[in-house]
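Open your viewer, get the selection tool ready, and follow along stop by stop.

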Amino acid sequence: MRFIKVVLATSLTVASLPFGQSVHAVTWEYSNLDSQGEVVAYSADYPAQTAQAAAYWNSLAGATVVQVTNDPAAATVKVEKQETATGDTDPNVALTYAPDGITDVCPARIATQGVDLQTVITHEMGHSLGLNHDPNSTLMAPAGGQLGGQAHDYEALKADLASHGREIDNAAFDAPQSTSVAESSTVTESASVSAPAS
Ligand SMILES: [Zn+2]
């Protein structure tokens with residue numbers, strides 16, 4: 001059942017998009033998240049890049065949202081080298097399938113098109129986390145994605161994970177919260193109410 005694919009598109013693919021798509025959801029209805037709201041990634045072909053991509057997203061989330069495993073049976077996504085991605089009729093540099101949990105990476109096309117392998121794998125992992133293409137994102141842009149622009153991607157990831165029942169709060173990006181102060185004053189007020197009137 002391999003019915004959804006997304007790509008780090010080439011300019012050719014972008015040019016084929018219909019007009020009027022400037023507004024769309026930044027989250028995708030599919031993901032390769034497990035029931036804990038995590039991607040469990042395995043790669044025999046690109047272990048270092050997969051680990052680095054996981055570190056990128058975990059740092060962004062301020063929590064473990066991507067685990068790397070050496071056990072393919074435990075993985076929810078497998079990052080694999082392919083000369084031509086399965087079913088790909090466009091010269092895409094990579095495709096991610098969900099819910100099948102496959103990311104096909106095409107190194108010859110990456111070399112030909114001069115894009116960065118690490119960026120491609122990090123972008124594709126964003127799709128596995130449930131993120132869609134986002135013209136306002138640096139990394140999840142439909143084409144020419146680059147690492148960076150983390151505050152924007154954090155908000156998208158937070159909304160995405162929330163839709164899967166998981167909350168993340170990274171103090172580096174979230175606005176300062178006054179919750180703890182409010183709770184303290186509530187406790188104080190309760191104590192006052194129960195004290196004997198004098
Ligand atoms: Zn993409």
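Which backbone nitrogen lies 3.2 Å from a polar atom of the side chain of Ser31? Select Ser31 and Leu33 together: the backbone nitrogen is that of Leu33. This is a polar contact, meaning a pair of N or O atoms within 3.5 Å; within protein, one must be able to donate a hydrogen and the other to accept it, and residues adjacent in sequence count only if both atoms are side-chain atoms.

Before moving on, a note: this is a predicted model, where local features need pLDDT of at least 70 and side-chain atom pairs count only at pLDDT 80 or more, while totals for chains, interfaces and linings use all residues. Residues are numbered from 1 along each chain as its sequence is written, and side-chain values use heavy atoms, leaving out hydrogens and water.

Stay on Ser31, in the loop between H1 and E2. Helices (H or I, at least four residues) and strands (E, at least two) are DSSP runs, numbered from the N terminus. Ser31 counts as buried because its relative accessibility is 13%; buried means under 20% relative accessible area, exposed over 50%, partly exposed in between (1.4 Å probe, protein chains only).

Next, select Asn32, between helix H1 (11-15) and strand E2 (39-42). Asn32 is buried too, at 3% relative accessibility.

Finally, colour E2 and strand E4 (residues 77-81), which run parallel and are joined by two bridges. Val77 in E4 is the bridge partner of Ala41.

Definitions and conventions:
Pairing = 2+ DSSP bridges.
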